Amino acid sequence: MPQEKTQEMQLKLIAMGLVIGLIGYGIGLLVFNDIQARLIGLIAFLVTMWTNEGLPIGVVSLLPIILFPSLDIISINATAPNYSNPIIYLFLGGFILAVATEKIHLHEFISSKILNVFPSTPRGIIFSLATTAAVLSSFLSNTTTALLLIPIASFLTSDTQLKIRFILAIAYGASIGGIVTPIGTPPNMILLGFMQKEAMELIPFVKWIMLTIPLASMMLVVSCFVLTFGLKFSQNIREIDTTKVISSDQKRLLWILGGLVLLLLVNSPIKPYYNGLGIHESVILLGFGLVMFFPKIGFLKWEDTKKVPYEIMFLFGAGFSIARAFSDTGLASSIASYLMAISDFSPLLLILCVAALITFTTEITSNTALISIALPIIFALGKMADIQIELLMMVATICASYAFMLPIATPPNAVAMSTGVVNTFTMMRFGLVLNLLAIGLTTFIALSYWQYFL
């Protein structure tokens, strides 16, 4: 009987997704052409299904392979390759390293050291995890940062509510830290590349840091307070032996992970001063992951890969497919043409509109794809409006990293979902508040600080 009830509930949730999808299609028809309206309706359906979990997340994530060609949005040949995007192999390598870390309990040892340094209170740990993630992701990929730290957050408490907030602290900290340096996240590099192409004066490395540090610091503090809101500050932290001695296996893996971080740092370009090694991060992560199966070096057997959350890799395939559909159907260009209507707005309203549009759009598509499409539009908009073009493009670029609501939005969110502890509704609840605060803070910093130094 309970099973029948569950199936009935699932059918209702699927029906809800279909209704919302049809509503999205109807609204889309009022503004866009039929194929673009179909895409809007399908995105509404997918986002609803990811949120209400009427179907397993992996199943929903594979639906674009069937639905995009069936609804004549983009072909199967345009859809399926997105599920083998290089970043998916970066995930695979990172997940394998996380499985190895858990298998030999290295996260327990690292947790004991963290508790020796920071206050072992819920708020203290949330601040320490978010700050650590932000600092690391300023120089490393935010995906790599989340993959390395989230196993530690999961171990620190057995309380589910605390565990959710610890995991989200790392995911959000990694996204926030990415804005601090030009190499912190791909949109930053895309902005500099676009400025170079348009013969604009580039923002130097140190100047970029000076511009973004105040905003990143404010966002970190705000995100931590949002995550601690409503918590009962009782001692729900796992009792950990802080005198724990490292084992030989843990020491070996620690050296391997140290080598990984060093290689990633050396590989990161600091243009125009240093071009890096030119190795794709996916190659590095997957390579180190596969080393975990080598005798005398690694710790895993093939059976251990059952713990790898493959559904998250499907999730990102869906995200890349949506980004491709945005481009191929012309929906991105159509949205751009409507944007031109706001060129007469005051600088305050213009920045607010751009910040809000980019922040919420990046929830359903890759921030790299979005900013690649958006920058030429923002550039044209800036020429027509009475505003600094650099200021408007900087706002758009920074807001492309503010994806706090959906697991599809950014790799750290997807890694958080892969733990099985965080669900989409909880992420949306915290993420919506952070999105709104991020839009307000970015607008404030842009008008009170950036416009005088850009």
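Start with the largest nonpolar core, which has 142 residues. A nonpolar core is a set of buried Ala, Val, Leu, Ile, Met, Phe, Trp, Tyr and Cys residues joined through side-chain atoms within 4.5 Å. Buried means under 20% relative accessible area, exposed means over 50%, and partly exposed lies in between (1.4 Å probe, protein chains only). Select Trp50, Leu215, Leu253, Met292, Met393, Tyr402 and Trp450, the residues with the most contacts inside this core. Then select helix α9 (residues 160-177), which supplies the largest share of this core, 11 residues. Helices (H or I, at least four residues) and strands (E, at least two) are DSSP runs, numbered from the N terminus.

This is a predicted model, in which local features need pLDDT of at least 70 and side-chain atom pairs count only at pLDDT 80 or more, while totals for chains, interfaces and linings use all residues. Residues are numbered from 1 along each chain as its sequence is written, and side-chain values use heavy atoms, with hydrogens and water left out.

Leaving aside residues up to four places away in sequence, Met393 touches Leu191, Phe194, Met195, Met200, Leu375, Ile378 and Phe379. A contact here means heavy atoms within 4.5 Å.

Now show the whole protein. The secondary structure comes to 20 helices and 0 strands. Of the 454 residues, 54% are buried. Among contacts between residues at least 6 apart in sequence, 79% join residues at least 24 apart. The accessible surface comes to about 19,400 Å², and 67% of that belongs to carbon and sulfur atoms. Accessible areas come from the Shrake-Rupley method with a 1.4 Å probe; for residues, only the protein chains shown count as cover.

Next, color by pLDDT, the predictor's confidence in each residue, from 0 to 100. The average is 82, and 89% of the residues score at least 70. Among the elements, helix α20 (residues 424-453) has the highest mean pLDDT, 93, and helix α6 (residues 106-117) has the lowest, 67.

Helix α1 (residues 2-31) gives the largest share of the patch, 5 residues. Tyr338 lies in helix α15 (residues 331-339) and is partly exposed, at 45% relative accessible area.

Go on to Thr143, in helix α8 (residues 142-155). Thr143 counts as buried because its relative accessibility is 2%. Beyond four places in sequence, Thr143 touches Leu90, Phe91 and Pro411. Thr143 and Phe91 are 52 residues apart in sequence and 7.5 Å apart in space, C-alpha to C-alpha.

Finish with two loop residues. Asp72 sits in the loop between α3 (57-70) and α4 (76-79). Asp72 is not a glycine, yet has a positive phi of about 60 degrees; Asp72 is exposed, with a relative accessible area of 56%. Lys296 is in the loop between α13 (281-291) and α14 (310-328). Lys296 has a positive phi of about 70 degrees and is not a glycine; its relative accessible area of 79% makes Lys296 exposed.
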